[in-house]
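Here is a colleague's note for someone opening this structure for the first time. Please keep the model in view while reading the numbered points.

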Amino acid sequence: MTVQEADVWLLVREHPTVPLASTLRLAQALKDAHGSRFALWRTDELVLGVRDERLVLYTLGGAEVPAPKVVCVRQMPSSMHEAREVTLLRHLERMGATMLNPVDAHLACRNKFQQLQALALAGLPVPDTLSYANAPLEGVLHSPHFEAPCVVKSVWGSKGREVFLASDKRMLHDVQGNLSQQVPLLFQDYVHHSHGRDLRVVVVDGKPVAAQIRTSRGDTLKSNLAKGGQATLCAGHYPRAEELAVRAAQALGLAVAGVDLLFGPDDTFVICEVNAVPGWRPEMTDVIPAITAQIARALGPSRDSG
C-alpha cells in the first residue's frame, strides 16, 4: 500500500505542539494552490528506511510514502535534534526533495554564535560578541575583552527567552550561579540606540517582502511580540536595512528568513539575528504569496503546461 503522492509538503513538529498561526495560514494557501498534491506531515508520523539499496519512507501503519518535490520546513531549528528531525530532513533531501530552507541553512541558524561566524565572514555588521566552548563562566567574565553593559543570550533559544541586559560586571558575578549552563552564553555589545525596539524584515527568495518595527512595552530591552511587544508595519521605509537583510539571508543560505536588525546611529543597522522559520502577522499580506510563488518555481513547469 502506498500513500497518495504529493508534490508539496509542509513539515511541522510532532504532536501535541500547535503550529504557528502563520504556518496554519501557509498550509491553507498551499492546499488551495495544490489540492490533493499538497500534504501536511508531522515529524512523528513518518518512519525512515533503507530497503533494497534505496531510501524509503513509511507511515506508522506501514504504507510507503513517496518523497515530495518540495518540503517547506516549519520547525524552529533550536528545537531540532541531530538524531531526530535533522536525520529526517537529511533523508528527505537525499531522496531528492528541495528543502525550504535547506538543512544546512537551518543548522546554521540553530546556534546564534555560528550565525555570527557566517555573517561576520560575509562582511556584514554584527555586534561585538564573546562566547566560549567549555571555558568557565567566571573566566570569561575576567577576560580583558569583556565589557559591560552587555546583552546576555543563550546560543540556543527563540522568542526572546534567555535574553537579558547585564548592566555591569558585578551583576553578572552575582547572578552567574543562576545562569543555565546547558549550552554556552553569548555576551554581546549593547546597542543602546536600539533599546526596546528592532526591525524585522522577512526575506523570501532574495527579496524583502515585509517589514515591521517591534517596540517593547515600557522600558524593557526585549521587543519580541511573544513578550508583549507592539509592531508597526514599515515595508519600504528602510531600504538600507532591507538590503542588509537580503544579504544576511544569502550569507546563511536561507530561502525564507526573518532578519532582526538593531538601529544604530545615523540610519545605520546591525544584524541582531536571523530566523529560519519566521512568523508573520496577517497584515503582512505579501509573505504567503511570495512563498507559494517560490514553491511553484521550485516545482518547475506545470504538468498541464504541455
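Is K112 buried or exposed?

1. K112 is buried, since its relative accessible area is 10%; here buried means under 20% relative accessible area, exposed means over 50%, and partly exposed covers what is in between, with a 1.4 Å probe and protein chains only. This is a predicted model, in which local features need pLDDT of at least 70 and side-chain atom pairs count only at pLDDT 80 or more, while totals for chains, interfaces and linings use all residues. Residues are numbered from 1 along each chain as its sequence is written, and side-chain values use heavy atoms, with hydrogens and water left out.

2. K112 belongs to helix α4, where helices (H or I, at least four residues) and strands (E, at least two) are DSSP runs numbered from the N terminus. When its neighbours within four places in sequence are set aside, K112 is in contact with K153, S154, V155, W156, G157, L186 and E273, contact meaning heavy atoms within 4.5 Å.

3. Helix α4 spans residues 112-121, and its buried residues are K112, Q115, L116 and L119. These residues lie on the same side of α4, because they cover an arc of only 95° around the axis, the arc being that of the directions from the helix axis to the C-beta atoms. The elements that cover them include α3, β7 (129-130), β8, β10 (185-189), α7 (239-251) and β15.

4. Strand β15, named among those covering elements, contains F269. F269 is buried, with a relative accessible area of 8%, and, apart from its neighbours within four places in sequence, F269 is in contact with P125, L199, Y238, A241, L244, L261, L262, F263 and G264. Between F269 and A235, which are 34 residues apart along the chain, the C-alpha atoms are separated by 16 Å.

5. Two helix pairs deserve attention, and two packed helices are described by the angle between their axes and the distance between the axes. The axes of α2 (residues 85-94) and α3 (residues 103-110) come within 10 Å and cross at roughly 155°; axes are lines fitted to C-alpha atoms, for helices over the stretch in contact, and angles run from 0 to 180 degrees between N-to-C directions. The two helices, α2 and α3, are therefore roughly antiparallel, given that angles under 35 degrees count as roughly parallel, over 145 as roughly antiparallel, 65 to 115 as roughly perpendicular and the rest as oblique. On the α2 side the contact is made by V86, L89, R90 and E93, and on the α3 side by V103, D104, L107 and R110. By class, the contact of α2 with α3 has four nonpolar, no polar and four charged residues, where Ala, Val, Leu, Ile, Met, Phe, Trp, Tyr, Cys and Pro count as nonpolar, Asp, Glu, Lys and Arg as charged, and the others, Gly among them, as polar.

6. The buried residues of α2 are E85, V86, L88, L89, H91 and L92, and what covers them includes β1, β3, β4, β5 (70-74), β6 (98-100) and α3. After α2 comes G96, which has a positive phi near 105°.

7. For α1 and α8 (residues 287-299), the axes come within 10 Å and cross at roughly 45°, so α1 is oblique to α8. In this contact R25, L26, A29, L30 and H34 of α1 meet I288, I291, T292, I295 and L299 of α8, and the residues divide into seven nonpolar, two polar and one charged.

8. Most residues other than glycine have a negative phi, and most peptide bonds are trans. D52, in the loop between β3 (46-51) and β4 (54-59), has a positive phi near 50° and counts as exposed at 63% relative accessibility. D267, in the loop between β14 (256-263) and β15 (269-275), has a positive phi of about 60° and counts as partly exposed at 42% relative accessibility.

9. Where are the cis peptide bonds to look at? One joins H15 and P16, with omega of about 5°, and P16 lies in the loop between β1 (8-12) and α1 (21-34). Another runs from A148 to P149, with omega near 5°, and P149 is in the loop between α5 (137-141) and β8 (150-154).
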